[in-house]
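This report looks at a ligand and the pocket around it. The sequence and structure are shown first, and the description follows.

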Amino acid sequence: MPSYDPDNIFAKILRGEFPAYKVYEDDRTLAFLDIMPQAPGHTLVVPKTAARNVLDVEPDDLAYLIKVTQKIAKAAMTVFAADGLNVFQFNEPAAGQSVFHLHFHVIPRKQGIALRPPASFKEDPAVLADQAAKLAAALKG
Ligand code: 5GP
């Protein structure tokens, strides 16, 4: 497996070099909206440690990341009035990974509405800003 590349886009977001619609942050994790959502509210949850994917992350960091992912998932169910929710995670290109900093996808679902294909739709920035504010407020409360 290739080594971790600190120039990946999520590392740049973590360093504040690239903008993101942040919804939650603590000392070990950051969650922000996917700018090409497969459904409204599609959120990415990343560790602050340099991990390419589930194959090289420290087990304690992975355990903490899934705890935070559950927190985001519960808030997203409420904020997006979801009927269900997917948590996805991909490892290496053969399995669909395209950004090489570990992340969980949290995707709220509505009954009978199919997911958009990955990277097929770029959301309006104003919509993302509004959704991020609502999700961040729910996560604070
Ligand atoms: P992967 O296929 O690696 O599991 O997912 C990468 C995700 O990152 C995709 O859902 C894609 O839409 C998202 N993505 C790619 N570039 C950016 C970006 O610059 N900002 C944000 N917020 N998401 C991105």
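In this predicted model, the element that gives the most to the lining of the largest pocket is α1, which supplies three residues. Both α1 and β2 contribute at least two residues each to that lining, which is made up of 24 residues in total. Those nearest the centre of the pocket are Phe-10, Asp-34, Met-36, Ser-98 and Val-99. By kind, the lining of the largest pocket divides into 16 nonpolar residues, seven polar residues and one charged residue, and the space within the largest pocket comes to about 420 Å³.

The ligand sits in this largest pocket. A shell of 16 residues surrounds the ligand, and the closest of them are Asp-34, Gly-96, Ser-98, His-103 and His-105. The elements α1, which covers residues 9-14, and β2, which covers residues 29-33, each supply at least two residues of this shell. Sorted by kind, the shell around the ligand holds ten nonpolar residues, five polar residues and one charged residue.

| Residue | Atom of the residue | Atom of the ligand | Distance |
|---|---|---|---|
| Leu-33 | backbone N or O atom | nitrogen atom | 2.9 Å |
| Asp-34 | polar side-chain atom | oxygen atom | 2.4 Å |
| His-103 | polar side-chain atom | oxygen atom | 2.8 Å |

How much of the ligand does the protein bury? Taken alone, the ligand exposes 520 Å², and the protein buries 90% of that area.

Note on methods. Residues numbered from 1 in each chain as written. Predicted model: local features only at pLDDT ≥ 70, side-chain atom pairs only at ≥ 80, totals over all residues. Heavy atoms only, no water. Near = heavy atom within 4 Å. Polar contact = N/O pair within 3.5 Å; in protein donor to acceptor, adjacent residues only side chain to side chain. Areas by Shrake-Rupley, 256 points an atom, 1.4 Å probe, with all protein chains shown as cover. 1 Å grid on protein atoms, 1.4 Å probe; cavity = no way out; pocket = protein on both sides within 12 Å on 5 of 7 lines; lining within 4 Å. Sits in = over half its atoms within 2 Å of the grid points. Helix = DSSP H or I, 4+ residues; strand = E, 2+ residues; numbered from the N terminus. Nonpolar A, V, L, I, M, F, W, Y, C, P; charged D, E, K, R; others polar. Points joined across faces, edges and corners; volume = space filled by probe spheres on them.
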